[in-house]
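Please look over the sequence and the structure shown below before reading on. The notes after it are meant for someone meeting this structure for the first time.

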Amino acid sequence: MKFAAVKPVSRVLARELAVTALLLVGVSVVVFAILYLAPGDPLHTLGVREAPGLPRSWYGHYAAWFGKMLQGDFGHSIRTGLPVLPELARVGVNTLTLTLGSLVLTLLIAVPIAVHAAAHGDTAGNTAATIGAYILSAVPVFWFGYLVVYVFIHQFGMFPLISGTATKQAHAWLYSLVPIFVLGTASGTLSEMIRHLREELQRVLAEDYIRTARAKGAPVWRHAFKEGFLIPVTEIMSAKIPFLLGGAVIVEQVFNWPGMGRMAWQAAQDRDFPVIMGIALLAAAFVRFGNLLQRVVFTAVNPRASQE
Amino acid sequence: MDAPLLAIEDLRTYFYSRAKRAFIRSVDGVSLHVAPGETLGIVGESGSGKSVTALSAAGLVSDAPGVISGRIELHSNRVRRNLLDGLERYVRIEQRDGRVMAVEKDHRGWRRHAETTMAGVRGKEIAMIFQNPRSALNPYATIGRQLVETIRLHTSCKGEREAKELAIRWLERVRMDSPRLRFDNFPFGMSGGMCQRAMLAMALCAEPSLLIADEPTTGLDATIQSRIVELLAELKAATGTATLLISHDISVIQRLSDRVAVMYGGTVVETGRATQLLAPQAEARHPYTAALLASIPSAETIRRKGNLQAIEGEVLDTIDVPRGCRFYGRCNRVTEGVRERCAGLEPPLAEVAPGHKLRCWLYPA
Amino acid sequence: MRPILTIAVLGLSAAALCIPAHAAPKADGRPDGGVLNYSEYGRTATLDPITSNETISLRITELVFNGLVGIDEKQEIVPELAERWQASQDGRVYTFSLRKDVKWHPREGEAPRPFTADDVVFTYNMMMHPKTITPLKVRYEFIDKIEKTDDFTVVCTLKRPILNALAKFSFKIIPRHGPANSQFLTREDPFARSPIGTGPYMLKTVTGDGEVVLLANPDYFKGRAHIDKFISKPFADQNIMAQALMFNAVDMIVLVNPRNLPEVQGDKRFVLQPYNALSYSFFGYNMRNPLLAERRVREAIAVALNRQEMLESFFNGQGTVISGPFAPGSWAYNLDVKPLPFDPRRSRALLAEAGFRPGADGMLEKDGRKLALSLKVPIEKESEGVKRVVLAFQNYLKSVGIAIKVEFKEWQAWKEDVFLEHDFDIVFASWVFDDSADISSLFHSAEIGAWKNNFGGYSNPEVDGLIVEAKLTLDHEKRRTINRKLHSMLAAEQPYAFLWTLTNYSAYHRKVRRVQIHPYKFFSFADEWFIPESEQK
Amino acid sequence: MRHYVQAPGPVGEFSQLTLWQRAETLDLVYVGYGLLVVALVLASYLLGAFGWLPHDPQAINVGLINAAPFTPGHLLGTDFLGRDLQARLILGIQAYFLPGLLAITISIVGGCVLGILAGYRGGWFDTIITYFDNLLDSFPRLVLILLVIAAFKPDITYVMVVVGITGMPVTANLIAGKIAFLRQKNFIEAAHALGLPAHTVVLKHILWLNCRALLVIQATLGMAEAILVETSLSYLGFGVQEPAPSWGNMIQAGANYFLQGHFWPSTAPALAILAAILGFQLLGDGLNSLLEGRRRN
């Protein structure tokens, strides 16, 4: 009884972990299947041979490959001959910064708009903001990127590039905000965030228990925070990670951001299967991990989680 | 009878229905008063505006297009204040032949103003309990936290520990089983009855001067209902808190209230002492009240009539209010003598006996 | 432009004097210090001189390694790792005496090791080992063996005397203690990514996305290079690359995209230096297709193209239209052969002569078979220059009744189709030479086959004969005449539609001084470049 | 200050009101705009299909490269080969129309099957399908597409298949949710009680009568997806290949001149995409709140 709020968390957490693991295996199967079906037997380029004692068959291949991966051996890049995993680790960090950065930045923009709209209904201000977000989300990312670069260069006389190039300039870190901003606003993230947060918050504010809170003169936000803010925010964040990772492929090209996206493109060019597979897997892992975190927060916050 | 604790004068609450592009006159000129320590029961079918009256009194009418006018005077610990004071500054209502044509409202100004006036009142002076207690409690916080919060907001004891002790004492007072354990429970684990008890504790722990109980028994199963009713009676005896009790269930009203107001179509159609108004054979009675009484299963109605009668017709749509008596459409006691008055002209709330008023052409003052 | 074909540098004379060793630092009174950021489009794969075959890597190996001999600004052969040499009378034995003051770049925590004859022998054996995959092998088949006589002398015996053999000894020497595998070199060998050499710059780091940092070698035997640090920055987008220069994010672009030339030209802060990479672009035919085996069809295609117009409007006219298989910069180019003129009427006439008649849709056909060809082009993100050419090509040929189907393929798939499967009719590509003269691997019938350069399968005994003759002759003048003959012959044969050679431009910030650019290896003279203190910041 | 105005005349029951009376003006505007876009898209598809174009979209004019709009003969100017932008913009829709439909069909059909299995059969199916959805959601779409391209070949059909498949979970969830809702209302039980065979219930009463609006909405959004994906791929060079025009490869080609100040060749298709996407998304939202009664605010 006393631990009603605690016990489920651990239990549910365990379950979520299991699910995540299961899904990651599934992911690896999908990736494997794609290459298995591909013409020209790309699997051989991975140096995948049947594991000893296993029949010569697709699952033999798979087992061998999966086994190697578990030992952290993702093979070597065909193009550079480098082992894939450390390479990915290096660029993965950059992509993660880009993605998470833009998540946070988008939140900083979306939350005030959403909250304001939820609290005060449509006002000229937040309607305009919402429509603006809509339009941004419909602009092709890379074109938007070029636009931003152009504006920065010709209006502000600044050069919004990272990849070490900004080292020569004052407050270089500022420049890294630009790609983050572009990734965050374009590709639909911003508008969807605003909408989701707003809908959820409005739904919650209409709940009975909020009325109770008002009736007893308690601050409404204190009561609406968990269900109306914390949960939706984590939900939308984890839901958006895959989109952002996809967008990163583009944005990293435009802004010369040394991340996975650029590597993925290069790899697709060179049919560098070990690399592109590694990237697909790593990206999926990011997504799953984000999702796991969301579930953890949800479970920790919501006493009913264990009932679900 | 000393100065009323709560005096509602000509309260009007209108909502705008986006869907219908029209105004719903949920409360349309209601006047009520509650004396200290007394319980006023408001009874009526759903949609008769009784709940809205309560919400208006507690300043919880939050819908952007909702507008309130009239006076709601709260007179407690020697201060008298009009809870609707100054709100009229934020709205302009356009009427044409008794029909609201347009409303212009500065909602944010209204909201801010209302909040400031209600700040010291809600929870402290006026506490509320609602129907469906399970959804009325915050599912994300333990019972204890919600109680403690109220206590620390509205009572002198601010410390966490003594607040907790007080909370637990209140849980005992509302007959909560094993209060110490319940203290750490989340609402979802508890029965509706338990939740309602918790709600009660939460409402009363601030020792308010007025308790508004909005359909406190609705959404509970019968056995629990009676328990809650008993508990209410008991607590009222103990604390002597004045209560505004809203229910569609006459038996509840009968059990708990000193005075009763019957509402129909947004107005009070009859009001008086519970004893005389609900007495099996009263000499004067509004047809609607009669119909209500006839529709409840109670020993003597069955003995007298042998069967129950449902009220014919639809509940009044309060968008287009008829010129005449609001009940005219469904009234089964219209006589030729009064017909065109009933149809043409709304009857006044006339005093037929001391303390007993009703709104019907059959009983001229 | 890809694919590249690398052949040892041509030198002019075999006579050379020994030049006394410099002592570090350089005694030329020019300031040391400063950093040079230069941008590359794309990334390096390997950085050793043997396995790498991309221009990007080649530029870096040029900074890190030396050959036995080098080439100076005047295209003259000068001593590098070899101090002096003698050639035997029959020209089959070359004896090199090596410098004694050369040290290999130190590895972390190791003392720098001296350079000795063993390293030279080691390098040759590495290069020639059957398991080593390198474009160099074919070029050194003429060498019989290389042996050391003492620590600082090597003797090299040739299978047969060849013309300016000396120049061929500019191949880069790698240290015996370099590669992990001492038998042969593969791209997986760590040495391929963290090489050490004797050159003016030492490799410091290579980051994950291919940013390469090079530091000046303090005890470089020609004296420490002036500029402290070279940083090669990879870019994924050429437009951004140009902007990077404009905003001093980089100091140098090794190859400016023609479409960016106007901007850079306008800007006083930058020098735009043309250098004639010995290269040319062409449409190559697949002779295995009977339609294209017909010479008149090939010529008809050639005259249907308005090459001058394309050059003008797509590349701001930065280049010259060519007539034959040699880069115009080279001595072998035959100026008497004029490019085929743009002449659609003649084109139609030729096709009619070859028996093609317009079909129902106006497109030509011969006994029921349409004159329809597939043109395969590698996808590059920025290849809009290429797109322009191929689409214009398609357009020109449509007007004379030849249907072209343009197919874009990823780079890797394209290479397989062209060099391995030979599954194509026409390709658009460019050759980049570092020796303008040797075209044997392009047109000799012995070079037909998987991953060989004569992908079109062109074979003509007469041409084969001339090529061999040119290879074997020891007389420069004779070789010149042979090549001129080859030129006119191939110009008439049209195994390719020879298009043009583009003038390459390198753009760099004015602060970098005394910049000399080697047309092919680019950084050969980088140790002489410098940046005035005032601008080093 | 906000205005609330009473509709003149008597007011009927909500359910009796026509769509138009119920609707909010904003929704009507959205839907109107959306329908306009759809009409334009269809029109230009037909124009392209029958080759009724103002110009030969392939005719190269090296004398007139990156011409500005309103250049005589070229209303919307020309691209990097002097080809007429207007003609190519119209023809560009061809690149999306059929592939887009392919993607939509896959995601809708697949989504329906999964959704019904999950919602109608429930039980194990539900769990399994939920996991399956999570699995598909785990991949960043673009990365998955790059993988497929590398494995097979850069072909819009493959790409759209991927788009379609990755689009299935959304539809599936919506359908499943709808079915759950109908269960709540005892709709399905009622249908069974009436002795209707399962397939009629599923096909007629669930899919047709209750989910068609939802599916229409998904379809419109799917088209928007298809266009955006192709555009991104074009930037990477894997989109629709020249000489066939697509808005994506037009932007990409034009963008090479963007930073030199030639905005138009890339801006024109960018605006086209902007207008189209916005159209499809707003149409989706508008329909959502009209037919599904889901308030945007």
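The model is a predicted one. In chain B, four strands form an open sheet with antiparallel pairing, and helix α1 of chain B packs on that sheet. Chain D has 10 helices and one strand, and its contact with chain A takes 42 residues from chain A and 34 residues from chain D.

**The open sheet of chain B**

- The four strands of this sheet in chain B follow the order β2-β1-β4-β5, and their pairing is antiparallel.
- Because β2 (22–34) and β5 (79–82) of chain B stand at the edges and have a single partner strand each, one side of each is left without a neighbour in the sheet.
- From one strand to the next, the twist averages 15°.
- Strand β1 (residues 6–17) and strand β4 (residues 67–76) of chain B run antiparallel and are joined by seven bridges; B:Ala7 has B:Glu73 in β4(B) as its bridge partner.
- Helix α1 (residues 50–57) of chain B packs on the sheet, where it touches β1, β2 and β4 of chain B, and its direction makes about 110° with that of β1(B).

**Helix α2 of chain B**

- The 13 residues of helix α2 (residues 107–119) of chain B should span 18 Å at 1.5 Å a residue, and this agrees with the end C-alpha atoms, which are 18 Å apart.
- The buried residues of α2(B) are B:Trp110, B:Ala114, B:Thr117 and B:Met118; they cover an arc of only 90° around the axis, and they therefore lie on the same side of α2(B).
- An α-helix has 3.6 residues a turn, so residues three or four places apart point the same way.
- The exposed residues B:Arg112, B:Thr116 and B:Ala119 are carried on the face of α2(B) turned away from its buried side, while β6 (91–96) and β7 (99–105) of chain B are included in what covers the buried residues.

**Chain D**

- The elements of chain D run β-α-α-α-α-α-α-α-α-α-α from the N terminus on.
- Of the 297 residues in chain D, 53% are buried.
- Among contacts in chain D between residues at least 6 apart in sequence, 69% join residues at least 24 apart.

**Where chain A touches chain D**

- The contact takes 42 residues from chain A and 34 residues from chain D, and α12(A) gives the largest share of chain A's side, nine residues.
- By class, the side of chain A that touches chain D has 36 nonpolar, two polar and four charged residues.

Technical notes
Residues numbered from 1 in each chain as written. Chains lettered and ligands numbered in written order. Predicted model: local features only at pLDDT ≥ 70, side-chain atom pairs only at ≥ 80, totals over all residues. Helix = DSSP H or I, 4+ residues; strand = E, 2+ residues; numbered from the N terminus. Expected span 1.5 Å × (residues − 1). Buried ≥ 20, exposed ≤ 12 C-beta atoms within 10 Å, placed from the backbone. Arc of directions from axis to C-beta. Contact = placed C-beta atoms within 7 Å. Pairing = 2+ DSSP bridges. Axes fitted to C-alpha atoms, helices over the stretch in contact; angles between N-to-C directions. Nonpolar A, V, L, I, M, F, W, Y, C, P; charged D, E, K, R; others polar.
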